Each structure stands twice: as C-alpha cells, then as structure tokens.
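Please open the structure in your viewer and keep a selection panel at hand. The tour below moves from one selection to the next.

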Amino acid sequence: MRILVTGGAGFIGSALVRHLVSEIGAEVLNVDTLTYAGNLASLKSVESAPNYQFLRADICDRARMREAFASFRPDIVMHLAAESHVDRSISGADDFIQTNIVGTFSLLDAARHYWDGLDARYKSDFRFLHVSTDEVYGSLGDEGLFEETTPYDPSSPYSASKAASDHLAIAWHRTYGLPVVVSNCSNNYGPFHFPEKLIPLMILNALEGKPLPVYGNGANVRDWLYVEDHARALFTIASRGRPGEKYNVGGRNERRNIDVVHRICAILDGVYDNKEPHARLITNVTDRPGHDARYAIDASKLESELGWKAQETFETGIEKTVHWYLENEWWWRPLREKVYSGERLGVFKGR
Ligand code: NAD
Ligand code: DAU
C-alpha cells in the first residue's frame with residue numbers, strides 16, 4: 001500500500017506517519033514544507049526506515065504536486081497539511097487562506113489529474129482522505145453533539161478556511177467522481193504537540209514556573225482525543241471509508257479548560273511533591289475573540305460502520321502526555337528557545 005501523507009512533520013501527521021511506517025508497514029511519502037510547526041525531529045524513530053520517504057514541498061505548488069503523484073504513484077492520499085492554530089489565524093489569516101484553501105485545491109487538482117490516468121480497478125480503489133476539524137460546525141450550547149449532518153457554522157478564520165476546504169473536497173467527489181472521504185475530529189493531545197496549544201503550553205509553563213493563561217473564565221469545553229487514537233482512526237477511514245462520506249472522530253472526553261489545567265497541575269504536583277502547588281500559577285486572561293463555547297463529537301458512525309474505538313481515556317492519555325514532556329526535553333527545549341516561547345497570540349485592540 002502506497003500512501004502519500006501531507007503535513008507529516010506536524011503533530012498529528014507525524015503520529016500518523018509513525019503508525020503507517022511502523023505498525024501498518026505501508027510505503028509512505030511525507031510531503032511537508034516545514035513551516036514553524038513542521039519538525040523532522042518528531043519522525044526520528046522512522047527516518048531511516050526503508051518504507052519512508054520525505055519530500056520538502058509546498059502543497060500550493062501545483063506542478064510539484066503533480067510530479068509527486070506521478071513519481072510516487074499513491075494508492076491513498078491522506079491530506080493533513082494546514083495552518084492549524086486558531087490564535088494565529090486571528091492575528092493574520094493570509095497563510096490559512098493560502099495553505100488550507102488554495103493548497104487543498106492544488107492537491108485535489110493534482111490528485112484528479114493522476115487519478116484520471118489510472119486503470120479502472122486502481123481508479124475505484126484510490127482514496128483521498130481530507131483531514132478536517134470539528135470546528136467547522138461552530139459552537140454548541142450545554143446540550144447536544146456534532147453529527148456528520150450538523151450544518152457548518154465556523155467562527156474563526158482558521159475554521160472558516162477548513163470549512164472551505166471541506167466543501168472543495170466534497171465537490172471534487174460530486175463533480176469529478178474523485179473518491180474523497182472527509183474526517184472531522186475533535187481536539188487532539190499527546191506527544192510531539194507544538195507548545196502553542198493549550199495542553200503542551202500549560203505543561204511547559206508549569207514546569208518553568210510561568211503563569212498558566214486561561215482564556216476568559218475557563219468554562220469553555222473541548223472534547224479531547226489522544227493523538228494515536230486519531231492516527232488509527234485516520235487509517236481506518238482512509239482504507240475503509242465510503243467515498244463521498246464524512247466521518248466524525250472523537251473519544252467522548254469532554255472537559256472544561258480549567259479542569260484540564262487543574263489536572264495537569266495535579267499530575268505535576270505528584271512528580272515534584274516538595275514544591276508549592278502548580279495551580280497557584282493559573283491566571284485568567286482576556287478571552288479569545290469569537291471563542292467557541294463547547295465542542296462535543298458523536299463518533300457513532302465511525303464506531304458502528306468501521307469498528308474504530310478510542311483506546312485511551314482522558315485520564316490515561318493526559319498522564320502519558322505529561323510524562324512524555326518530562327522525559328523529552330530534547331524535543332521541546334529548542335522549540336521554546338528558538339521557535340515560540342509562549343507569548344500570547346490572537347488578541348487585538350478593540351476586543
Ligand atoms: P500542525 O500545525 O502541527 O502541522 C501542520 C503541518 O503541515 C506542519 O508539518 C507544516 O509544516 C505542514 N504544512 C503547513 N503548510 C504547508 C504547506 N503549504 N505545504 C506543505 N506542508 C505544509 O497541525 P496538526 O495539529 O497536526 O493538524 C493536522 C491536520 O489535522 C490539520 O489539517 C488540522 O486542521 C487537522 N486537525 C487538527 C486537530 C488538532 O487538535 N490539532 C484536530 C482536528 C483536525
Ligand atoms: O477542535 C479541533 C481543533 O482543536 C483543531 O482543529 C485545531 O487545529 C486545534 O488547534 C484545536 O483548536 P482549539 O482552539 O480548541 O485549541 P487550543 O489548544 O488553541 O485551545 C484549546 C482551548 O483552550 C480553547 O478553548 C482556548 C483555550 N486556551 C488556549 C490557549 C492556547 C486557553 O485558555 N489558554 C491558552 O493559552
């Protein structure tokens with residue numbers, strides 16, 4: 001099985017590439033341009049595997065994408081390359097529009113060009129998995145879950161750009177017959193998570209005795225999924241999902257942000273029991289503009305149709321994650337010192 005992965009040097013992409021190369025034994029081509037969020041150190045465990053190749057290229061470059069398809073000849077494409085951080089999209093949306101919308105168009109164009117030239121059998125077996133987010137559905141109130149049929153209602157420049165790319169992917173199926181499948185997943189966490197996102201930022205700030213900035217009152221709810229469970233779900237959907245269908249992915253782990261931060265502090269208190277409680281560092285800060293109140297996923301279609309189930313609970317996953325950061329300073333220290341040191345992003349005067 002030959003799988004072209006885009007964004008394989010990112011957080012979820014690298015977990016997926018490690019899974020495909022080491023557990024599935026697929027031939028993998030990782031196409032990534034290495035933005036601030038792309039990090040080949042996350043792929044150290046597979047970099048010399050005979051079934052792994054890396055191509056540094058921008059998905060917006062249509063000619064290079066066509067070449068990559070022609071030379072690698074994938075059976076499956078798993079498209080993860082994106083700008084992924086909501087706060088950065090609030091500070092400036094240009095890269096989000098380019099990569100998430102124009103880049104997805106460029107990749108769909110290259111995939112269609114390649115797929116048009118395949119023999120009938122390969123044509124029907126080919127799959128293009130477009131990896132998306134639950135944020136396209138907008139914000140929930142206290143009750144209810146996102147289903148695959150929930151109307152799109154994105155709030156941020158990031159989620160609006162992902163919504164646009166989902167519509168393009170489905171249109172390429174309806175119009176051209178390209179065998180596209182779309183996945184919409186909730187918040188991921190786990191090893192190799194870039195420390196701009198809530199969980200790794202809180203772990204590293206707490207370790208360094210810095211404030212833990214909780215937006216607003218901390219009552220916003222996210223539905224957390226351990227990244228390796230997402231990687232397994234993505235392979236399941238790419239290999240067995242029905243063309244033209246969407247699959248929601250989530251592990252039924254709703255938590256308020258403030259409770260997530262308290263849990264991280266409690267785990268760290270258990271490791272350093274001679275220090276003051278880490279929760280003293282929690283600081284309420286100005287809210288994120290357009291902050292969605294609650295996300296919660298109904299993953300029953302994926303569970304009943306394709307047999308996937310999350311293996312980690314939030315309790316087991318967060319314990320593993322905190323310990324991973326304690327044991328892997330070699331990975332995060334250079335990022336904190338040279339790429340992003342934790343300053344607030346995504347606020348502007350007037351809000
Ligand atoms: P990430 O920011 O950690 O990684 C993105 C990767 O894409 C990086 O390696 C980056 O170098 C690469 N990239 C960016 N622009 C590119 C371009 N123009 N050409 C080639 N490569 C480019 O993102 P992530 O958190 O791993 O998310 C991966 C995908 O999953 C995204 O599409 C995101 O929308 C989606 N998603 C993320 C989450 C989450 O909780 N992180 C949840 C659901 C869905
Ligand atoms: O739901 C899936 C989405 O989850 C993905 O599509 C995105 O790519 C991914 O970044 C994530 O988006 P969020 O905006 O939910 O993740 P983030 O880690 O930025 O924030 C999680 C929650 O924590 C959110 O309610 C904002 C809050 N937060 C975040 C940061 C960085 C804080 O309170 N303080 C912080 O410093």
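Which residues touch the most other members of the largest nonpolar core? In this predicted model, that core has 44 residues, and the two to select are V5 and M78. Next, colour the elements that give two or more residues to this core, which are β1 (2–6), α1 (11–24), β4 (76–79), β5 (127–133), β6 (180–185), α8 (227–240), β11 (246–249) and α10 (300–306). Of these, α8 gives the most, with seven residues.

Return to V5 and display its contacts: leaving aside residues up to four places away in sequence, V5 touches L16, V17, L20, V28, L29, N30, V31, M78 and L80.

Now select ligand 1, which is surrounded by 29 residues, the closest being I12, D32, S84, Y158 and K162. When the shell is coloured by residue class, it divides into 13 nonpolar, 13 polar and three charged residues, while α1, β5 and α6 (157–176) each supply at least two residues of it.

- from a backbone N or O atom of I12 to an oxygen atom of ligand 1, 2.7 Å;
- from a polar side-chain atom of T99 to a nitrogen atom of ligand 1, 3.0 Å;
- from an N or O atom in the side chain of K162 to an oxygen atom of ligand 1, 2.6 Å.

Technical notes: Residues numbered from 1 in each chain as written. Chains lettered and ligands numbered in written order. Predicted model: local features only at pLDDT ≥ 70, side-chain atom pairs only at ≥ 80, totals over all residues. Heavy atoms only, no water. Core = buried A, V, L, I, M, F, W, Y, C linked by side-chain atoms within 4.5 Å. Buried < 20%, exposed > 50% of the residue type's maximum accessible area, 1.4 Å probe, protein only. Helix = DSSP H or I, 4+ residues; strand = E, 2+ residues; numbered from the N terminus. Contact = heavy atoms within 4.5 Å. Near = heavy atom within 4 Å. Polar contact = N/O pair within 3.5 Å; in protein donor to acceptor, adjacent residues only side chain to side chain. Nonpolar A, V, L, I, M, F, W, Y, C, P; charged D, E, K, R; others polar.
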